[in-house]
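Here are my notes for you on this one. Have the sequence and the 3D view open while you read.

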Amino acid sequence: MCAGCINRMKEKIIGIAIACFIFCSFILYRNEFQGKPILLLPNGSNAATLLDENLDDEQYNSTLKERINHLKQFCKYHPNLYPNRKLVHQPLIDEILRVKYCWIEKVGSSFMKNFFRHFQNYTLARNTTLNRQSEYGRTDKDINQQQHKGDNYTRIMIVRDPFERLLSGYIDKFFLPSPIFWKKRGGYIIKQFRPNSSVKEQSCGHNVTFLEFIQYVVHVSTREKNMEEPHFTPMHTHCKPCLIHYDYVWKLETIMQDFKHTIKQLINRKELHIDGFDFRMDKEHLSSDVISRIAFMFERRYAIEKCITFYEACLRTWRGFQMRGVIDKNHKFPLISLPENFNVTMYKDLVMKSSNSKTSKSKVKYQKKEVFLESYSLLPVELLKQLEGSVTKIDSEMFNYRTSLWILLQDYKRDNFSYFDFL
């Protein structure tokens with residue numbers, strides 16, 4: 001049998017084994033919480049049961065109304081913002097709550113899709129599925145006209161700090177093991193912005209730096225639109241809120257409050273009974289989230305090892321958990337080499353053991369800010385200005401976020417620890 005055939009067979013066997021593991025983990029996880037669907041909320045905060053939470057309706061109504069008013073004022077002075085009137089993605093529809101959700105990569109989209117899926121499974125008697133909007137492909141104007149003709153859907157979009165979103169996209173798609181994305185965009189970035197790069201670097205795209213990534217984002221936003229990637233394009237271009245009316249604009253920074261307040265109103269409006277539907281985040285849910293990230297790495301082991309060792313992939317994933325504030329940055333990956341039988345469960349146990357150690361929660365949480373400061377401090381002043389002027393400016397002004405990082409970075413001094421010392 002040819003060597004290529006053997007390698008492909010090995011890859012298939014590994015994929016099947018990991019798929020079986022994930023399925024078994026899901027069965028155990030489901031049985032443990034049988035009868036109580038539980039949803040992992042973003043940002044690692046604890047949330048009480050949805051309908052048991054005493055929310056200040058007046059306060060949140062005022063906050064959400066202020067966001068819409070701010071958006072309207074911005075749009076009033078930018079009437080010709082969208083020469084291209086098509087949406088990036090088809091909105092997702094939930095027929096139970098009568099919601100149309102415009103989703104944006106790296107802004108809680110996985111969380112929302114999981115919510116709709118869990119919620120619909122919990123109300124199977126209503127025979128509803130998460131559908132894609134049939135109007136996809138029409139112009140925004142067509143969709144906008146339809147939504148005011150007896151359409152009683154509630155429209156929701158979610159935004160976040162545009163600088164945080166870019167960093168999150170870089171870590172997820174370039175720093176962490178992501179061989180498909182490395183090849184899709186990493187090779188192009190290295191060819192364009194790294195003089196004297198090696199053939200392997202150009203072919204694999206496995207070690208793109210944050211500086212090179214931002215150079216790419218600025219470049220394609222102004223000169224090479226055909227190389228844009230939805231994970232990094234401005235949020236307003238995804239949902240075009242100056243053309244389409246949204247009833248709610250949530251922010252990822254306050255996603256739990258915004259989510260619970262709005263969904264509670266929608267549930268009460270529809271007079272739905274969802275006793276027992278919990279929205280909580282505890283160690284079991286953290287474990288589930290950790291497993292999915294680790295399983296993703298093991299599932300792509302064969303492709304990863306074409307560019308870096310699997311040990312380095314494990315180190316990068318470990319560092320990713322440190323960046324997220326799951327593991328203390330001073331807790332090094334405990335293995336100097338990988339045992340032959342090293343698997344998802346063994347790696348997950350290492351992460352959970354380190355996560356459970358007695359480390360100050362505020363200290364570990366601060367690591368997220370450290371990653372942000374280190375990342376943007378690496379950019380030359382001129383490049384940062386270009387980023388603020390051509391990429392983040394409209395999102396920052398439209399959704400009322402900071403427009404510049406200059407003051408924040410002026411007094412920053414990094415300690416001896418670097419989150420990007422692998423590159």
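The points below go from the whole fold to single pairs of residues.

1. First, some housekeeping. This is a predicted model, where local features need pLDDT of at least 70 and side-chain atom pairs count only at pLDDT 80 or more, while totals for chains, interfaces and linings use all residues. Residues are numbered from 1 along each chain as its sequence is written, and side-chain values use heavy atoms, with hydrogens and water left out.

2. Now the overall picture. The protein has 18 helices and five strands (DSSP runs numbered from the N terminus: H or I of at least four residues for helices, E of at least two for strands). Of its 423 residues, 49% are buried (buried is under 20% relative accessible area, exposed over 50%, partly exposed in between, with a 1.4 Å probe and protein chains only). Take the contacts (heavy atoms within 4.5 Å) between residues at least 6 apart in sequence: 79% of them join residues at least 24 apart.

3. Val381, Trp406 and Ile407 make a nonpolar patch of about 330 Å². Patch residues have over 30% relative accessible area and no salt bridge; like charges are joined within 9 Å, and nonpolar side chains (Val, Leu, Ile, Met, Phe, Trp, Tyr) within 5 Å. Trp406 sits in helix H18 (residues 406-410) and is partly exposed at 44%.

4. Salt bridges next: there are 18 (a side-chain nitrogen of Lys or Arg within 4 Å of a carboxyl oxygen of Asp or Glu). In one of them, Arg67 meets Asp258, with the closest N and O atoms 2.8 Å apart. Arg67 is in helix H2 (residues 57-76) and Asp258 in helix H10 (residues 255-270), so this pair ties together parts 191 residues apart in sequence. Both Arg67 and Asp258 are buried.

5. Have a look at Lys329 and Glu370 too, whose closest N and O atoms are 3.2 Å apart in a salt bridge. Lys329 is in the loop between H13 and H14, and Glu370 is in helix H15 (residues 361-377), so parts 41 residues apart in sequence get tied together. Lys329 counts as buried at 11% relative accessibility, and Glu370 is buried at 18%.

6. How far apart are Lys393 and Glu397 in helix H17? They are four residues apart, or about one helical turn. Their salt bridge has its closest N and O atoms 2.8 Å apart. Lys393 is partly exposed at 39%, and Glu397 is partly exposed at 28%.

7. On to the rings. The count is 29 aromatic pairs (Phe, Tyr and Trp rings, the six-membered one for Trp, with centres within 6.5 Å; planes under 30 degrees apart are stacked, over 60 edge-to-face, the rest tilted). Phe298 and Phe342 have ring centres 5.9 Å apart and planes at 45°, so they are tilted. Both Phe298 and Phe342 are buried. Phe342 also forms a tilted pair with Tyr347, at 5.9 Å centre to centre and 55° between the planes. Tyr347 is buried at 0% relative accessibility.

8. Last, charges over a ring (NZ of Lys or CZ of Arg within 6 Å of the ring centre and within 35 degrees of the ring normal). The charged end of Arg98 sits over the ring of Tyr153, 3.9 Å from its centre. Lys100 lies over the face of Tyr153 as well, at 4.5 Å from the ring centre.

Key: Accessible areas come from the Shrake-Rupley method with a 1.4 Å probe; for residues, only the protein chains shown count as cover.
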